[in-house]
Amino acid sequence: MKPVLTKVFGRQPLGTVFAAPYALFLALVFAYPLGLAVWISFHDYFFAAPGAQVDRPFVGLDNYTNVLGDPDVQRAFFNVGVFLVINVPLTVVLSLVLATALNSVTRGRTFLRVSYYVPYVTASVALVAVWLFLFSQGGLVNDLLGPLAPSPSWLVNSKAAMPLIALFVTWKQMGFFILLYLAALQGVSKDLYEAASIDGASRFRSFMNVTVPGVRAATTLVVILATITGANLFTEPYLLTNGGGPDGASASPVFVMYQKGIEQGNPDTASAIGVILVVLVLAISLVNRRILERD
Amino acid sequence: MKPQRRVWSTTALVLGALVFLFPFYYMVIGSLQRKPDTSLKGAFPTGGFTLHNYTQINERVHLLQSLLNSVIFTGGVLFGTIVFGVLAGYALARLHFRGRGSLFAVMLLVQIVPFQLLIIPIYVMIVRNYGLADSYLGMIAPFAINSTAVFVFRQFFLQLPEDLFAAAALDGAGEFRTMWSIALPLVRPAVLTATLLTFIGPWNEFLWPFLVTKDQGRQPLAVTLANYISNIAGRADNPYGAILAGAVVLAVPAVALFVVFQKRFTGSELSSGVKG
């Protein structure tokens, strides 16, 4: 091989050829849009016909101050906070407990695995359809609850709408997190459990003292991925609560981005929401990592 | 573990599984009934099943055209992921080239920056700048290569024994030949796992195809069904029946594929792709 080629492309230039389509793809639909989002958020940006030359002046932090002072946006960030407070702890606890139990059963494993994973592989739109039916005014859930049914009903009740969405997403995503925990449990040494049982530890104690610390790295990952899912929330408020209703009580930041950016034609303020959300997600991820992995 | 304890945890797991599965059961039952009975007794009907709701939803959303659009969208993503994803995974695992480290870092970053947050700039680019609204290309482009699948491929290529490659080099096989006739046949299981993993992305995706298609003739099923739910359903005489029938049609392909290949959907095969 010619030394010049080696210098430019590395030892195996074929690697550059193989990786080029993927690198190009990442540049076009990830790196460039990420930069564009930031650029748009600092300019007075509006939609124009393709090819038209229009002036889009730099406006500094105007879009950010607009967005942060907007009650709709504040509400959406508050709502996603409510979502995360319910969804993340519930996801972590239930998926770890279920994974531990699944790990110990010997019979019917395939049936059980399929049951818990199947909501994860099914389209949100299809699952939302059946939840709409279950939780409608005259639906099965209210029928079962009888006089205990909330009034107004679940999806039009400003106190119940967001918790119900959090519950929906917990159920939908659980299978994936059980999967992560099952993989992590294979890495916890059997000797530790034996030692615990010789010391006379109860099953609960050995779960708290062996399992929980043993899967700590997976817990960090589960918390971060669950937070990202929460930040992404769109389909559920759009369909389940009919557009973030009632009165914006279940609007998510991505839903507000859609309303402002695409319905109302203000991509600049919508991009500012997006940038704020990315920064928050990254910050939460880093903090989680620090807290969960400190020693 | 004591056998008695095992019985308890199995019982609890089975009960939990039934709770998880109930909405699926209810979806199918509801889709087969002309008039929904929302009482507890109505959840376990013994007769009166009909396919009426399926003809209803078919008239409203053109099921076949919607399904075809879903197939094209998903097929395009699978093609891009398998062809270019395998190449990229191989390069990242086995070849020393300039920029490998940075490409790997960007691939990891992609997994934590949610796609939804890029929708505004991607919408600006694809719909406004390139005029790709209502086209399959516009729908597929942002999903064309699934990064998690690239990761799975890389992990599989990394696990292949070093001796294999040394032997191939001794026999005088070039880099391309080594990949094509030695490494590729060995990672077929990874291709299956990655296909399963990639399939559920575009098949179930709602937000992006919803933004990029306004023409009903180009919308995948997730979008036509969602539009039916939010616009038309209120005016139908048995809205839930038709909605649930559509939901069943949307759910069945992904669920069937998953049930058939569920053995490939295990932690050890996927977590390597997610954990890093």
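**Domains, helices and chains**

Author: Chain A is divided into domain 1 (12-41) and domain 2 (62-293), with bounds from an automatic or database domain assignment. This is a predicted model, in which local features need pLDDT of at least 70 and side-chain atom pairs count only at pLDDT 80 or more, while totals for chains, interfaces and linings use all residues. Residues are numbered from 1 along each chain as its sequence is written, and chains are lettered from A and ligands numbered from 1 in the order in which they are written.

Reader: How many residues of domain 2 of chain A are in contact with domain 1 of chain A?

Author: Contact requires C-beta atoms, placed from the backbone, within 7 Å. On the domain 1 side of chain A, four residues take part, and their partners in domain 2 of chain A number seven.

Reader: Are α4(A) and α13(A) roughly parallel or roughly antiparallel?

Author: The axes of helix α4 (residues 71-104) and helix α13 (residues 253-263) of chain A come within 8 Å and cross at roughly 155 degrees. Axes are lines fitted to C-alpha atoms, for helices over the stretch in contact, with angles from 0 to 180 degrees between N-to-C directions; helices are DSSP runs (H or I, at least four residues), numbered from the N terminus. Angles over 145 degrees count as roughly antiparallel and those under 35 as roughly parallel. The crossing therefore makes α4(A) and α13(A) roughly antiparallel.

Reader: Which helix gives the largest share of the side of chain B that touches chain A?

Author: In all, 86 residues of chain B are in contact with 82 residues of chain A. The largest share of the chain B side, 15 residues, comes from residues 3-31 of chain B, helix α1.

Key:
Helices (H or I, at least four residues) and strands (E, at least two) are DSSP runs, numbered from the N terminus. Angles under 35 degrees count as roughly parallel, over 145 as roughly antiparallel, 65 to 115 as roughly perpendicular and the rest as oblique. Two residues are in contact if their C-beta atoms, placed from the backbone, lie within 7 Å.
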